[in-house]
Amino acid sequence: MAEYHQQESETHNVSGRSMVCTSLAGVAVTAPVLGMMGFSFMATLVLLVISSPLLFIFSPPLLCVGLVFAGTLAGFAVAATMALAGVSTLALMYGEIGGTTGFGCGMTGRLAEFGDRVKEQGKDWAGYLQQRVQQNSPDAYSQ
């Protein structure tokens with residue numbers, strides 16, 4: 001039984017040279033079929049076959065670099081979006097305070113009128129309450 005496993009493990013040893021030869025043979029077989037697609041596609045396949053071992057070796061650091069690059073791009077995108085929102089908000093506020101026709105269509109004027117009305121009602125209530133206090137004071141009953 002041990003001899004069977006030893007023979008089987010010997011038959012499954014594949015060298016890197018045989019893998020490259022097999023890959024190139026596969027590309028050579030499919031070249032006539034893919035010849036209609038042009039030289040650039042063929043060159044891309046050959047470069048992929050040649051560079052695939054390097055990509056396999058350097059894939060862990062390339063993955064980390066890719067993740068850092070993607071995170072950096074996402075951060076810059078969020079920062080640009082926030083900057084755009086802030087600048088547009090400042091422009092809107094400047095237009096409203098300056099009185100130009102903007103989003104609120106003169107909302108500051110209406111707020112000022114409302115504030116004046118509240119102020120007048122407050123004065124009226126203050127006068128009413130002051131009058132009531134004077135009417136209900138002990139001095140008013142003693143007369």
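The protein's secondary structure comes to 6 helices and 0 strands. Helices (H or I, at least four residues) and strands (E, at least two) are DSSP runs, numbered from the N terminus. The order from the N terminus is α-α-α-α-α-α.

This is a predicted model, in which local features need pLDDT of at least 70, side-chain atom pairs count only at pLDDT 80 or more, and totals for chains, interfaces and linings use all residues. Residues are numbered from 1 along each chain as its sequence is written, and side-chain values use heavy atoms, with hydrogens and water left out.

Of the 143 residues, 4% count as buried. Buried means under 20% relative accessible area, exposed over 50%, and partly exposed in between (1.4 Å probe, protein chains only). The protein exposes about 12300 Å². Carbon and sulfur atoms supply 71% of that area. Areas come from the Shrake-Rupley method with a 1.4 Å probe.

| Residue | Relative accessibility | Class |
|---|---|---|
| W125 | 54% | exposed |
| Y128 | 41% | partly exposed |
| L55 | 45% | partly exposed |

**Nonpolar patch.** L48, L54, L55, F56, I57, F58 and L62 form a nonpolar surface patch. Together they have about 760 Å² of accessible area. Patch residues have over 30% relative accessible area and no salt bridge; like charges are joined within 9 Å, nonpolar side chains (Val, Leu, Ile, Met, Phe, Trp, Tyr) within 5 Å. A salt bridge is a side-chain nitrogen of Lys or Arg within 4 Å of a carboxyl oxygen of Asp or Glu. Helix α3 (residues 39–57) gives the largest share of the patch, 5 residues. L55 is found in helix α3.

**Helix α5.** E113, D116, E120 and D124 form a negative surface patch. D116 sits in helix α5 (residues 107–135).

A search of the whole structure finds 1 aromatic pair. W125 and Y128 form this edge-to-face pair, 5.8 Å centre to centre with 90 degrees between the planes. Rings of Phe, Tyr and Trp (its six-membered ring) pair if their centres lie within 6.5 Å; planes under 30 degrees apart count as stacked, over 60 as edge-to-face and the rest as tilted. Both W125 and Y128 lie in helix α5, 3 residues apart, about one turn of the helix.

Definitions and conventions:
Lys, Arg positive; Asp, Glu negative; His and termini not counted. Charge placed at Lys NZ, Arg CZ, Asp CG, Glu CD.
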